[in-house]
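Here is a walk through one structure, taken a piece at a time. Have the sequence and the 3D view open as you read.

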There are 2 protein chains.
Amino acid sequence: MNNKNPKILVVGAGAVGAYFSGRLAQAGARVSVVCRSDYQAVKTSGFAITSINGDFKFVPENVFNSVEDYSGTADYVIVAVKALPDVNVVKLITPVVKAGTSIVLLQNGIDIEPALHEAFPDNELISGIAYIGVFREGQGAIRHQGSGRIKLGVYPQGISEKLTVLGELFKQAGVDCELSADIVKKRWEKLLWNVPFNAISVLAGKLDTKQIMNNPYLVELAENVMRDVVNTAIACGVPLETELIKWNIDYTKNFPPYKTSMLLDYEHQRQMEIDVILGNVIRLARQHNIAVPYVETMFALLHAINPSM
Amino acid sequence: MNNKNPKILVVGAGAVGAYFSGRLAQAGARVSVVCRSDYQAVKTSGFAITSINGDFKFVPENVFNSVEDYSGTADYVIVAVKALPDVNVVKLITPVVKAGTSIVLLQNGIDIEPALHEAFPDNELISGIAYIGVFREGQGAIRHQGSGRIKLGVYPQGISEKLTVLGELFKQAGVDCELSADIVKKRWEKLLWNVPFNAISVLAGKLDTKQIMNNPYLVELAENVMRDVVNTAIACGVPLETELIKWNIDYTKNFPPYKTSMLLDYEHQRQMEIDVILGNVIRLARQHNIAVPYVETMFALLHAINPSM
């Protein structure tokens, strides 16, 4: 691998995938993308990314309609498809995972790594967590409107040379990138915010974070949901600190009104990522005999209203 | 009191109040009503009641716009206003509660009697539970489309002569009326169904009972909510049987698709009775140190979406 110009294939170049891989391209990586819905537009003129950090154009080296069309050997395969139960990521990327390919998982939720780790035991698996407000506003058109950080770590733990190379590329492109030797814990930490605020934002009448924080009943509910998540994490051997609950409440009180990704999905009648964000917490909690009544209630209600596409 | 023709004043002659007092009038009672929104129409031509048991006309002896306009002494004052936190029932009926007046509470929810019992310690308080599908479909126009039973008992317990008289009148008019010496328990039994199915019907995407029962996650949620209610009832000294949970599930599976009253309110953007149906369960549970996480979650979400009028 050429550390300055590694070959990267992005599978699922939606808003998050396009933004971060566009940054890697800016730093010199040779980035190809697989994107279905915007294939024609991106093939013709790449991505137009409107960003709070300055607009930029991202023209991938190659644009594919399907994973099967890629015949090269990527140093990194970045998986940025939505984490939905009907998407089998292992099956999806099998054709492009070669000897020496690192798999970079850039998805929401918890406990999403084990299936890949088992399926590709000889490939390095990098788990990535994106903190970004970004959405697709048209064919090949991406709008980045908030944050833009990323945390990366080798799964199940540790820091590797290839991880460091990836981190350096992000930093060169101005992305706030943190490498973590304990990425599983980081994932739980993000989940701790995601479960209550995503679920409440949808179920309590399509509210942004400010509207949620102005309602004491919903703040109390968010705290109770977070307590369920902390208990589950601890039972799974991940020592989430209870203080994070108060920290998340204070943090959310102080940041500008924000619509969660689940609310955006719901408003556009797109399938919400309820299985990896809430369902997996319930599954893990049951394995460890932990009661998660608040999460269970939210899940059942979200499941009932989840758009099927 | 003339047992054949007692004087009855109905405060809040909405659909439920008009239907049941119309039946009492059929049996010979002298019924006057206080109704605000439909005052003119009812004053002019009474109520037109379309019923699965045969349509009928109910022309009250007197129609008042306000409780203050009633100058007589009623044998029974039937309270059938919606049970909302901004309606102070004690204050509302104080002008018409005289020596010898029995107060008949015909409202949803739990723990709604104590305030009246304290305010009028010398008046008999009859607690009534209506099982009926009935709604107002226009000025003075009521549609009765399902069931039509009523349970009555003296609060806090017992059966009195005046209760028996009232029960006889209902029976004469063909109403399935059960007198209960333990009406508080009956109220909890009805609540056991009302809490889960009202809340889920609204929060899970405006579903009727059939749609709820077709979703195993929602059935499980309904069971969990009922468990919260049973635990609270038992802590309050009301021995609700756990078997009622399964009974309610089977019963709901087998009856025709039904829209709960809370869903009808929500669809018409009318204030839902969440405080007396869910809020009071939470309040009582906290007094007895009982955890009711499922009810709490539903309450917080319903509170956030509750129309203000």
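This is a predicted model: local features need pLDDT of at least 70, side-chain atom pairs count only at pLDDT 80 or more; totals for chains, interfaces and linings use all residues.

## Ground rules

A residue is called buried under 20% relative accessible area, exposed over 50%, and partly exposed in between, using a 1.4 Å probe and protein chains only.

Residues are numbered from 1 along each chain as its sequence is written, chains are lettered from A and ligands numbered from 1 in the order in which they are written, and side-chain values use heavy atoms, with hydrogens and water left out.

You'll find Asn289(A) in the loop between α11 (274-287) and α12 (293-305) of chain A. Helices here are DSSP runs of H or I with at least four residues, strands are runs of E with at least two, and both are numbered from the N terminus. Over in chain B, Asp111(B) also isn't a glycine and has a positive phi near 60°. Asp111(B) sits in the loop between β7 (102-106) and α4 (114-119) of chain B, and at 26% relative accessibility it counts as partly exposed.

Then there are the cis peptide bonds. One joins Tyr155(A) and Pro156(A), with omega about 5°, and Pro156(A) lies in the loop between β9 (141-154) and α5 (161-172) of chain A. In chain B, the bond from Tyr155(B) to Pro156(B) is cis, with omega near 5°; Pro156(B) is in the loop between β9 (141-154) and α5 (161-172) of that chain.

## Two helices

Helix α9 of chain B (residues 243-254) has 12 residues and runs 17 Å from first C-alpha to last, close to the 16 Å expected at 1.5 Å a residue. That expected span is 1.5 Å times one less than the number of residues. Which residues of α9(B) are buried? They are Leu244(B), Ile245(B), Asn248(B), Ile249(B) and Thr252(B). Looking down the axis of α9(B), these buried residues fall within an arc of 140°, so they line one face of the helix; the arc is that of the directions from the helix axis to the C-beta atoms. As background, an α-helix has 3.6 residues a turn, so residues three or four places apart point the same way. On the face of α9(B) turned away from its buried side are the exposed residues Glu243(B), Lys246(B) and Asn254(B). The cover over the buried residues of α9(B) includes α6 (183-203), α7 (209-213) and α8 (216-235) of chain B.

Helix α12(A) is mostly covered, with 11 of its 13 residues buried. Among them are Tyr294(A), Thr297(A), Met298(A) and Leu301(A). The end C-alpha atoms of α12(A) are 19 Å apart, which agrees with the 18 Å that 13 residues should span at 1.5 Å a residue.

## Where the chains meet

At the meeting of the chains, 21 residues of chain B are in contact (heavy atoms within 4.5 Å) with 21 residues of chain A. The area buried between chain B and chain A is about 1800 Å², and carbon and sulfur atoms give 68% of that. Buried area is the accessible area (1.4 Å probe) that two parts lose on being put together, summed over both. Tyr217(B), Thr297(B) and Leu301(B) supply 28% of the area that chain B buries against chain A, more than any other three residues.

Thr297(B) deserves a look of its own. It sits in helix α12 (residues 293-305) of chain B and counts as buried, at 0% relative accessibility. Leaving aside neighbours within four places in sequence, Thr297(B) is in contact with Leu221(A), Tyr294(A), Thr297(A) and Met298(A).

## Rings and charges

How many aromatic pairs does a search of the whole structure find over all chains? The count is 24. Rings of Phe, Tyr and Trp (its six-membered ring) pair if their centres lie within 6.5 Å; planes under 30 degrees apart count as stacked, over 60 as edge-to-face and the rest as tilted. Tyr251(A) and Phe255(A) make an edge-to-face pair, 4.8 Å centre to centre with 90° between the planes. Tyr251(A) is partly exposed at 36% relative accessibility, whereas Phe255(A) is buried, at 15%. Both belong to one aromatic cluster that includes Trp193(A), Phe197(A), Trp247(A) and Tyr258(A).

Lys190(A) lies over the face of Tyr131(A), 5.2 Å from the ring centre, and Lys162(B) lies over that of Tyr76(B), at 4.9 Å.

Conventions: A charge sits over a ring if NZ of Lys or CZ of Arg is within 6 Å of the ring centre and within 35 degrees of the ring normal.
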